[in-house]
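Keep the structure open while you read.

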Amino acid sequence: MPITLLIILVGTSIVSFMAFNNRRLMDDLILWPPAIERKREYYRLVTYGLLHANPMHLLFNMLTLYFFGRQMEYIYNSTLGTFGFALFYLGGLIVSILPTYFNNRRNANYHSLGASGAVSAVLFGFILYQPWAKIYVFFAVGIPAIIYALLYVVYSMYMDRHGQDNVNHSAHLWGAAYGVAFTAVANPSVLSNFLDAMSRPHI
């Protein structure tokens, strides 16, 4: 079974659904900075990404991962070996949440969950390869991937500073940055291909 489907079905969906009705499991896996700071429960830097706030949160992240992860899994595995995509995704979970952890490491009231940071990494890795591919927002409005990326970054930066929606927009931004950086390091030629594609827009 492809790694993308394993992440979606086994690693994330099952754990998320179990935690919806199991408060103790949720508490044991969620990112709660004092548990890492005081108890050295570093596994939370990964397990928070297996949890979601509700079924719609889970569905949105897993649909995005399904559509873009399958293509990126082939690319990363071809470049880095059998577990290339798994390592990339794991790195996305960790890198995207580290700034949040350091900013809140003594905040006993802070919690974070969801795979959005790692999913953003996958999405932005894809955009580096195919900047003019169409991304469909709400399955209806198709916009070029590079335009979507710009809107996504601007919105996330604004909401990270001013938002009150209980969403970790910082993780979205750091995940996106990691996705671009990792992809460029793993395959340096992607940058010249990206610039070449950008010089030949087709909307």
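The notes below go through helices, rings and a few single residues.

## What you are looking at

This is a predicted model, so take every distance and angle here as computed from predicted coordinates.

## H5, a bent helix

Let's start with helix H5, residues 55-80. A straight helix of 26 residues would span 38 Å, yet H5 covers only 33 Å between its end C-alpha atoms. Look along H5 and you'll find a bend of about 45° at Gly 69.

Which residues of H5 are buried? They are Leu 58, Asn 61, Met 62, Thr 64, Leu 65, Phe 68, Gly 69, Met 72, Glu 73, Ile 75 and Tyr 76. Note that Gly 69, where H5 bends, is on that list. The partners these buried residues pack against are H1, H6, H7, strand S1 (134-137) and H9. Elsewhere, there's a charge over a ring: Arg 70 lies over the face of Tyr 66, at 4.1 Å from the ring centre.

## H6, kinked but close to its expected span

Helix H6 runs over residues 84-103. With 20 residues, H6 reaches 30 Å from its first C-alpha to its last, close to the expected 28 Å. There is still a kink in H6, of about 35° at Ile 97, shortly before the proline Pro 99.

The buried residues of H6 include Phe 85, Phe 88, Tyr 89, Gly 91, Gly 92, Ile 97 and Pro 99. What do the buried residues of H6 pack against? The answer is helix H1 (3-20), helix H3 (33-39), helix H4 (44-47), H5, helix H7 (116-129) and H9.

Gly 92 is worth a click. It sits in helix H6 and counts as buried because its relative accessibility is 0%. Setting aside neighbours within four places in sequence, Gly 92 is in contact with Gly 117, Ala 118 and Tyr 178. Gly 92 and Phe 182 are 90 residues apart in sequence, but their C-alpha atoms are 9.2 Å apart.

## The aromatic rings

In total the structure holds 14 aromatic pairs. One of them joins Tyr 76 and Phe 182: it's edge-to-face, with 5.8 Å from centre to centre and 80° between the planes. Tyr 76 belongs to H5 and Phe 182 to helix H9 (residues 169-186), so this pair ties together parts that are 106 residues apart in sequence.

## Two buried polar residues

Ser 13 lies in helix H1. Its relative accessibility is 14%, so Ser 13 counts as buried. What does the side chain do with its polar atom? It lies 2.6 Å from the backbone oxygen of Ile 8. Leaving out neighbours within four places in sequence, Ser 13 touches Ile 8, Leu 58 and Met 62; Leu 58 and Met 62 are buried residues of H5.

Asn 168 is in the loop between helix H8 (145-162) and H9, and it counts as buried because its relative accessibility is 15%. Its side chain makes a polar contact with the side chain of Ser 112 at 3.3 Å and reaches the backbone nitrogen of Ala 171 at 3.2 Å. Apart from neighbours within four places in sequence, Asn 168 is in contact with Ile 97, Thr 100, Tyr 110 and Ser 112. Among these, Ile 97 is where H6 kinks.

Most residues other than glycine have a negative phi. Arg 40 isn't a glycine, yet it has a positive phi of about 60°. You'll find Arg 40 in the loop between H3 and H4.

Terms used:
Residues numbered from 1 in each chain as written. Predicted model: local features only at pLDDT ≥ 70, side-chain atom pairs only at ≥ 80, totals over all residues. Heavy atoms only, no water. Phe/Tyr/Trp six-rings, centres within 6.5 Å; stacked < 30°, edge-to-face > 60°. Helix = DSSP H or I, 4+ residues; strand = E, 2+ residues; numbered from the N terminus. Lys NZ or Arg CZ within 6 Å of the ring centre and 35° of its normal. Expected span 1.5 Å × (residues − 1). Bend = angle between axes of the 7 residues up to and from the residue. Buried < 20%, exposed > 50% of the residue type's maximum accessible area, 1.4 Å probe, protein only. Contact = heavy atoms within 4.5 Å. Polar contact = N/O pair within 3.5 Å; in protein donor to acceptor, adjacent residues only side chain to side chain.
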